[in-house]
Amino acid sequence: MTGAKSLWATLAAHGIDTVFGYPGGAIMPVYDALTYYPEVRHVLCRHEQGAIHAAEGYAKATGRLGVCMATSGPGATNLVTGLADAMMDSVPLLAITGNVARHLIGTDAFQEADITGITLPITKHNYVVQDPDDLPRIVAEAIRIATTGRPGPVLVDIPKDVQMAAFGGVLVQPQPEASRMQPRPEAIATAVQLLKSAERPVLMVGGGAQGATAEVTAFARAWQIPTITTLMGLGGFPASDPLWLGMPGMHGSVAANRAISEADVLIGIGLRFDDRVTGRVKDFARHAQIIHVDLDAAEIGKIVHTQVSVRADAGRAAVALTREAVPFLHPDWTAQIAEWKSREELPTVWGAGYAVKQVVDRLRPDDILTTDVGQHQMLAAQLARFEKPRRWLTSGGLGTMGFGFPAAIGAAMAEPGVTSIVIAGDGGFQMTAQEFATLTKYSVHNVKICIINNSYLGMVRQWQELFHGRRYSEVYLGDSNPDFLKLADAYNIPGFRASSADELPAAIDAWLAHPRSALLEVVVPQEHGVFPMVPAGAALYEMIETDPSNPNGGVKVEQ
C-alpha cells in the first residue's frame, strides 16, 4: 500500500462516498490510487472553485462532511474562496491538496504554493503531511475537527512523494460520535428567569440551529415567543407557524426588524450577530437584554453585549429551556407584532421580485433552493417559505458570487430524488457556468437553473442608485451577456425563456416539468430595488420600507 491508497482507504472507512475535484501533476498519485476504490465516487468538476462549492452544497443539504480535492499551486489556490466561504458559514468540509515533493518545498518549484500558510486564517485547522505513515491519522483527525463542535473547513496538504511512498502504518477507523455540549444549569436558570420577566420577547434562530430544528421549534412554541430566522437560519423554524416573523437585518422584514428594535428580551440561538443582522450595533435591540446560545465561546459577546451566555449545543439548550416553559401571554405585544406583519407587501409589479416570487411559490417541502449572491438572493430569502431545515443553501458570511450553481449540483448529487433549484443572476452565474459540463457528464437530471437577467450587477447598481447619484460605474452587462439558452444548449441542457409576466407561468411549467435538468431565463426590467432595506451604518429601526425612487410601485400585473 502507498500513502495515496491509505488516503482513499481512510476516506472509505469514514463513510465518504463522494469527492468533488480536479486532478493535476502534484496529486496524480492520489488519482491513480482512486482506481482501486470504486466505492468512492469522484465528481470531475470543471474548475476547482466549482468543486469546492459543490462540496459545500453537498454538506449544507445533508449535514454530512463535504470533500473536495485539487492539485498544488493554482489548483490549491483556486480553493481559497470556497474555504473562506465554508469558514464563514460553518460548513463541515475537508479539502485535500497535492503539493510538490518534500525536498522541493520552499524552493519556488513549479506549481508550488504555501497553501497551508495562505489558508491559515480561513480554515478551522490545516496540515502538511510529512510522513506517509501519519496520513490516515491526520485525515481521520481532520474529519473529526471539521465535523465536531462548530463545523468548518480543514485542509490536508500532501506532498507528491508522500503520496507515492510505501505505507507501513495503521489504517485509522472512525471514532464514536462526540457527545453534544450540554448547557450549564445555572446559565439555563438565569435565562429562564429573564424570559419569565419579559413583556416583549423575541427569539432569533441562526444557521447553527439547522441541526436542532425540532428542539428549537418546541422551545418557541412552548414559550409562545415570536421567532425570527436569520439568512442562514431560514428553515430552522417553520415559516407557516404564526410565531414566525421572517428574516432580520439589511433586507429583513418589517416585522422582524421592528420587533428586534422594541424587544425587552432577545434570545439568539446559533447565530453570530453579524453586521448584516445588527445594523448600527450600538442601537441593535436597544431596549433588550440579550441571551446568547452558541457553541463557539469566541462568538458570545463579540459583537453585542450579552447579559446571559449559554455555551452549548443548540438542541440541548433548547430542550433545557423548554422544560421550564411558561407560555407568554401579552396581548399588547402580540397585537403590535400582528400590525407589523400586516405591512408585508408581496411583489405585484413585473420585475425581479415578481419573477422570484412566482418561482419560489412552486417550491415543494423537500425541494432544495440554492441561490447565488445579489438582489435575487435577498428576494428569494424574503419571499420563499421553508418548512424544513437544510432546504435553503446560500453564501451568507462571505457573499460569494458563483456559489449557487455548483452548490445546487452538489446538493442534487447528495439527494438524487429531490429537485435542486438554483436562482442566480446573470452576473454571478457566469462565474461558474462551466459546471454545465458536470451536469452533462454525470447525467444529473434534478437541477433546475433560473437566471434572473436584468443585464446588471443588480445589487451594486442598487447601491449606486441610492448612494452614488445613479452613477452606474462598471455594472452594466447587457452589451456582453451571452445568449443563455444557446449556452445551455451547447451542453445539451434544454432552455426556456420568459420576458413578461404573461409568458412566465407557461415557461415555469415547462421548465419544471422537463424530465432532465433545465434552464429558465427570466428577462426582467433593469432597474429594480430590493426593499425593505437598512442602509449601511443605519439602525434597524431606520429601515427604508419601500422603494423611494418608485413610491407608486409601477404597473401591477393583472391577476
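Predicted model: local features only at pLDDT ≥ 70, side-chain atom pairs only at ≥ 80, totals over all residues.
Modeller: Residues are numbered from 1 along each chain as its sequence is written, and side-chain values use heavy atoms, with hydrogens and water left out.

Biologist: What makes phenylalanine 20 and tyrosine 58 an edge-to-face aromatic pair?

Modeller: Rings of Phe, Tyr and Trp (its six-membered ring) pair if their centres lie within 6.5 Å; planes under 30 degrees apart count as stacked, over 60 as edge-to-face and the rest as tilted. The centres of phenylalanine 20 and tyrosine 58 are 6.2 Å apart and the planes are at 65 degrees, which makes the pair edge-to-face. It is among the 14 aromatic pairs found in the whole structure.

Biologist: Why is phenylalanine 20 called buried?

Modeller: Buried means under 20% relative accessible area, exposed over 50% and partly exposed in between (1.4 Å probe, protein chains only). Phenylalanine 20 has 1%, so it is buried; tyrosine 58, with 5%, is buried as well.

Biologist: Why are tryptophan 463 and phenylalanine 467 called partly exposed?

Modeller: Tryptophan 463 has a relative accessibility of 24% and phenylalanine 467 a relative accessible area of 37%. Both values lie between 20% and 50%, so both residues are partly exposed.

Biologist: How do you know that the charged end of lysine 5 sits over the ring of tyrosine 36?

Modeller: The definition requires NZ of Lys or CZ of Arg within 6 Å of the ring centre and within 35 degrees of the ring normal. The charged end of lysine 5 sits over the ring of tyrosine 36 at 3.9 Å from its centre, a distance within 6 Å.
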